[in-house]
Amino acid sequence: MEPLKPLEELLLEHPFFAGMEEGPRKLIAGCGRNEVFHAGDYLFREGDTADRFFLIRHGTVAVELHVPGHEPLVVDTLQSGEIAGWSWLVPPHKWANDARATTLVRAISLDAKCLRGKCDDDHSVGYEVFKRFIPVIAGRLSAVRMQLMDVYGDPGKRR
Amino acid sequence: MNTAATDLAPSMLPRPFRITRVRREVSDVFSWELEPADGGLPPAYVPGQFNMLYLHGVGEVPISISGDPSGETLVHTVRAVGAVTEVMRKLGKGDEIGVRGPFGVGWPVAEAEGNDLLIVAGGLGLAPLRPAIYHVLANRARYGSVAIYYGARTPADILFRKELERWRGRFDLFVEATVDAADIRWAGRVGVVPKLIDPRRHSFDPDNSVAMICGPEIMMRFTVSALQAHGVPDQRLFVSMERNMHCAIGLCGHCQLGPEFICKDGPVFSFDRIGPVFHAREL
């Protein structure tokens, strides 16, 4: 079995933290912890307090929308190297979706209250975090727009 | 008949073909296996070319060839989406249609030898790429790593699903599929095709890769952007264009896109050639 790596080293391996200076990375690492989810476990559920976010190190997470009277609808899947959750950034800090592990998932979770505090105390840390979150959010918005266009549907019936 | 008209005759006269098999693929998509009704051999073609399929008294439509270029039958995969193809959907084994072709410039399967291949398809766009995939698999040692990325609307809309699953089981292919939306019974990926292209999951050498992309133009646009972001040069990106093709030999002008005739100069273009008009809203 491989020896456990320090959290800061694991953060460095995750694309979200690529190129981040040691100083802010160490500060952020203080808010993190390792987590493991088994297939079927929920990382978070819609409406619950968004008290953390996840750096997926291994496995697949399905982002789901709860549809009353129907099975949940999967609207995105997230893989290793991706981020799960940004509701911790946006008041009232409630999850907008469910996130369910569809395989064994290893992740680093970062405590939202701790991280928000560090971002408030040191704006350069906040800038580093936001600089990395905005491309993730922009990429997902762009993907959602493409999904909404229903490009594979009947061109005559496109929404 | 003058000389020019005589030269054009083989391109303009439909040859009768008989439907030997009909396969229902997904809800509004079907495939035909065709053989010449005159007892001769079907014409040779290169992956990515198309034929004009003619239904007497109804009309003619351009349809890509979707079968194995080394096979003995001609295969077309058709989506019933317009007046002609809706009638075609009702035909069965033994019925006859007219075929003109093959036409156009296909995928650069020979030029791509020695390179990594990125084959990116969306929806029915897998059909024109399937002959290229068959060709690559029949000559697998001539290529570097090969990845097939496929996107569909829902799991029920995945075209050639059994083949995709078979290809995915090979050790010498990387195959990933995604859908725009699914219920929780779908264990695969959900999201857009460009997101599948991730060098952390499947590495490729951008300067020694060739990408072949086919699908709705919006999907191709986003895919081209993703591949450019990964460093693949424009001259190594190939897209298959779709326009209103009538004559299929560059005479009528219906399919003209800027300086190009899609039927004759394409439908497959390198992006350094088609790029300048690819984003033009007026065309």
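Is B:C263 buried or exposed?

Analyst: B:C263 is buried, because its relative accessibility is 1%; buried means under 20% relative accessible area, exposed over 50%, and partly exposed in between, with a 1.4 Å probe and protein chains only. Before we go on: this is a predicted model, in which local features need pLDDT of at least 70 and side-chain atom pairs count only at pLDDT 80 or more, while totals for chains, interfaces and linings use all residues. Residues are numbered from 1 along each chain as written, chains are lettered from A and ligands numbered from 1 in written order, and side-chain values use heavy atoms, leaving out hydrogens and water.

A disulfide is a covalent bond between the sulfur atoms of two cysteines; here the rule asks for sulfurs within 2.5 Å. Over all chains, that gives a count of one disulfide. A:C31 and A:C114 are the partners, with 2.0 Å from S to S. The torsion about their S-S bond is about -70°, so this disulfide is left-handed. Distant parts of the chain get linked this way: A:C31 is in the loop between α2 (22-29) and β1 (32-37) of chain A, A:C114 is in helix α3 (residues 112-121) of chain A, and 83 residues separate them. (Helices, H or I with at least four residues, and strands, E with at least two, are DSSP runs numbered from the N terminus.) A:C31 counts as buried at 6% relative accessibility, whereas A:C114, with a relative accessible area of 25%, is partly exposed.

Over in chain B, B:C247 is in no disulfide, and the nearest cysteine sulfur, that of B:C252, is 3.8 Å away. B:C247 is buried too, because its relative accessibility is 9%. That brings us back to your residue: B:C263 is in no disulfide either, the nearest cysteine sulfur being that of B:C255, 3.6 Å away.

Now for B:K264 and B:D265: they form a salt bridge, with 3.4 Å between the closest N and O atoms. The rule wants a side-chain nitrogen of Lys or Arg within 4 Å of a carboxyl oxygen of Asp or Glu. B:K264 is partly exposed at 41% relative accessibility, but B:D265 counts as buried, since its relative accessible area is 15%. Over all chains, the structure holds 32 salt bridges. Another one in chain B joins B:D198 to B:R200, closest N and O atoms 3.0 Å apart, and B:D198 is buried at 12% relative accessibility.

In chain A, A:R25 pairs with A:E8 in a salt bridge whose closest N and O atoms are 3.3 Å apart. That pair also links distant parts of the chain: A:R25 is in helix α2 of chain A and A:E8 is in helix α1 (residues 7-13) of chain A, 17 residues apart. A:R25 counts as buried, with 9% relative accessibility, while A:E8 is partly exposed at 23%. There's a network as well, in which salt bridges link A:R33, A:E35, A:D51 and A:R52.

A:R33 also leads us to a sheet, standing opposite A:S109 in β8(A). β1(A) and β8 (residues 105-111) of chain A pair in the antiparallel sense over six bridges; strands pair if DSSP finds at least two bridges between them. They belong to an open, antiparallel sheet of four strands, in the order β1-β8-β3-β6 (chain A). At its edges are β1 and β6 (83-84) of chain A, each pairing on one side only.

How do the chains meet? 26 residues of chain A are in contact with 27 residues of chain B, contact being heavy atoms within 4.5 Å. The area buried between chain A and chain B is about 2,300 Å², and carbon and sulfur atoms give 57% of that; buried area is the accessible area (1.4 Å probe) that two parts lose on being put together, summed over both. Between chain A and chain B there are four salt bridges. A:E82 forms a salt bridge with B:K195, the closest N and O atoms being 3.4 Å apart.
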